[in-house]
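Hello,

Here is the structure we talked about handing over. My notes follow it.

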Protein chains: 2
Amino acid sequence: MLTTTHYQILRHINAGGPTTRAELGAHVGSSKAAMSGFTRELLEKGLLRETSTVQKQGRPSALLDLKPEGAYFAGVSIMSDPALVALVDLKGKIVARIDVPRDTDPDVFADHVANAVPQLLETGKVPGKSLMGMGVALSGLVDQEQANCIKSTILGWQDVPLARLIGQRTGLPTFVENDAKSLALREKLFGEARDIGSFTLIWLGKGIGAAHFVHDRLYRGAHGGAGEIAHCTVDVNGLPCRCGKIGCLDTVASMIAILETARTQGIGAESLNDIETAAARGSSAAIRLLHRAGSALGLAIAQIIQINDPQMVLVTHQEQAFNGLFAAVMQQTIEANVLPRLSGDTPLRIRGVDNDAWALGAASVATHSFLNGSI
Amino acid sequence: MLTTTHYQILRHINAGGPTTRAELGAHVGSSKAAMSGFTRELLEKGLLRETSTVQKQGRPSALLDLKPEGAYFAGVSIMSDPALVALVDLKGKIVARIDVPRDTDPDVFADHVANAVPQLLETGKVPGKSLMGMGVALSGLVDQEQANCIKSTILGWQDVPLARLIGQRTGLPTFVENDAKSLALREKLFGEARDIGSFTLIWLGKGIGAAHFVHDRLYRGAHGGAGEIAHCTVDVNGLPCRCGKIGCLDTVASMIAILETARTQGIGAESLNDIETAAARGSSAAIRLLHRAGSALGLAIAQIIQINDPQMVLVTHQEQAFNGLFAAVMQQTIEANVLPRLSGDTPLRIRGVDNDAWALGAASVATHSFLNGSI
DNA sequence: GCGACTTAGTCTGATTTCTGAACTAAGTTG
DNA sequence: CAACTTAGTTCAGAAATCAGACTAAGTCGC
């Protein structure tokens, strides 16, 4: 129906914002005449709309933008309990959300998700035929086809064909993706990385994950394991990790490890916030803890920068207090362990994410497939 | 002249070996009729030839292969002294070579290279118009346009527009590339990585470098610095490096560092070979040295595997004795620092390279541009 | 305020490109 | 050796694309 060129146009507008037909033509390498046709078709399909016009000299040019109501995607975040199912428009705006129980039985969970869809459509006043696909974000390893959850410790799943389970019930093209990778897709499609071809996203939560965009494409790795930095060695004399190795990043810098250490050190803390507060009050145990965790994460990020030279590193987290000692040590460690020329030219951004971000990230997985013509 | 499809065909044949028209059609997604035209044009241009036929049932299908004499490329390796200039055919065979003085004055060196070209053509009995481009491989940092050498410590160069200097004299499209990256291009085009989309090549020489192929493309990094693992931190309490940081891989595992340490430790050694011999004879200093170097390199490779999950890791070197303690420790360290599931599924290959390999790597840079239609 | 000018976008006939189907080629199989 | 199978070519018609003419919608200078 739509050709490669159509999708190229949609992606270009999504990445670069509203554009004129002339600029689009130059980008995809075809004539004004052809462009006129392509855009007309996309306008007719309701995927594009004309917004404002820009005036330089001569006839003003009409800016073409994605039409938010042109397509909708559902995103399921299993990152929280209850899970969140959201309905998202083509421009990445959430128009409806529903919590569903995070049942550990995959079939039951798929039922919950499927049941949520009609309600979402009703709440969002979205016709069913506009819903183009669904994405699921979870903490764990996902296979190459983005269909099966190979292993999720948190959910207790192993080889669960989640995409099929949900897809059969909803009739929608369904994709599963790992937490960090779906968050990276969100940043690429709707966030800070729209116009960045190669970047790495770090996710610091209960566990630690990363995702790489390379040449404008998500790089999943040979076994879907690209970005699994939790088990990078950061201390060859470190603690044993549940993976069997020694000194994994996960044993020092994941929020689980940080809070666990705080507990054994007698720092009463429920969150990073509490530890930062204790450190600010002068608790040497808290300071030591934050130093160790921050420098471990910083070292891992430094390795990534040295090895991959990304255009940007985006650190994402779910804590209130990410602007304290922990982050400072992390940044210092990065600077100390990356060639100065490189570290100065590699922007590091830090941003918190909320539940909505996960659902949007999940939906982005489907949006991404749509914009690449694979739905 | 040639369309994207033509180049797609050439690349597919180069990667997968001789193929039938039918198979090609399926791969590029066009009809038998179209394929008939494309291949005829390529046959007429002398870029393809029909080799044997394969017989299943029905009419036998003719296999199409690249025609070696269809295009030639020159490769300049500044990895040795004297430098080596080689003439390479489309299938990666060296048909002529000339040594040229490695003059440190870029202009003088460019003269030498330009003067070598006519001799090469004569020796190889290659008509000048078949020579499509030239590549230069050097140890150092190269800019994004593959035109300028930003910095080469060994050559003492900084911001040298080498591609322009040579190109002006020869009239050939000329590209400069870093050592590890050109070696990776060689492996991708003509070597073990032909059919591998994502792999990492490690180069252990006087310095240490790496190069990443991702999604069938060389990933150069945001600042051309992808793969610059020499300055990865492998020991936070290590030695100061000339880059200003502490504990860089380069201070422990580069051949320069290894031989320097051997010297200060009183191990009489001119090469890795000598140190391995000393270790085999029981010299504890040699054993300690090989352990330290091997485990440092292994750790860095482990980080790469954990971070990037490549399909293959290819370690290249220029030593006779790379099958001793050093390599064993390296492999052990990799296994100890990578998740077992991943390390078991990530083939590690080790291979020595000679001077010809560098010249071929250099030529590959031009071949690669040619096969991508950018010459 | 209006004609000259500038640039955006559409329309149209010509051209190029691609395809489907018929056809030729070159073998195997019974 | 006739029947069959599959590879590759040819060719007429269909589809995509382009160059250039044309229309649209503004600004600029006087």
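DNA strand D has 22 residues around it, the closest being Ala33(A), Ser36(B), Gly58(B), Arg59(B) and Ser61(B); a residue is near a strand if its C-beta atom, placed from the backbone, lies within 6 Å of it. The surface near DNA strand D takes at least two residues from each of α3 (32-44) of chain A and α2 (21-28), α3 (32-44) and β2 (61-66) of chain B. Helices (H or I, at least four residues) and strands (E, at least two) are DSSP runs, numbered from the N terminus. By class this surface has six nonpolar, ten polar and six charged residues (nonpolar: Ala, Val, Leu, Ile, Met, Phe, Trp, Tyr, Cys and Pro; charged: Asp, Glu, Lys and Arg; polar: the others, Gly among them).

The model is predicted: local features need pLDDT of at least 70 and side-chain atom pairs pLDDT 80 or more, while totals for chains, interfaces and linings use all residues. Residues are numbered from 1 along each chain as its sequence is written, and chains are lettered from A and ligands numbered from 1 in the order in which they are written.

Between the chains, 34 residues of chain A are in contact with 34 residues of chain B (C-beta atoms, placed from the backbone, within 7 Å). On the chain A side, α10(A) gives the most, seven residues, and the classes are 16 nonpolar, 13 polar and five charged.

Chain A is split into domain 1 (4-66), domain 2 (70-186 + 356-371) and domain 3 (197-311 + 319-352), with bounds from an automatic or database domain assignment. Seven residues of domain 1 of chain A contact five of domain 2 of chain A; helix α1 (residues 4-16) of chain A supplies the largest share of the domain 1 side, four residues.

Regards

Notes: Contact = placed C-beta atoms within 7 Å.
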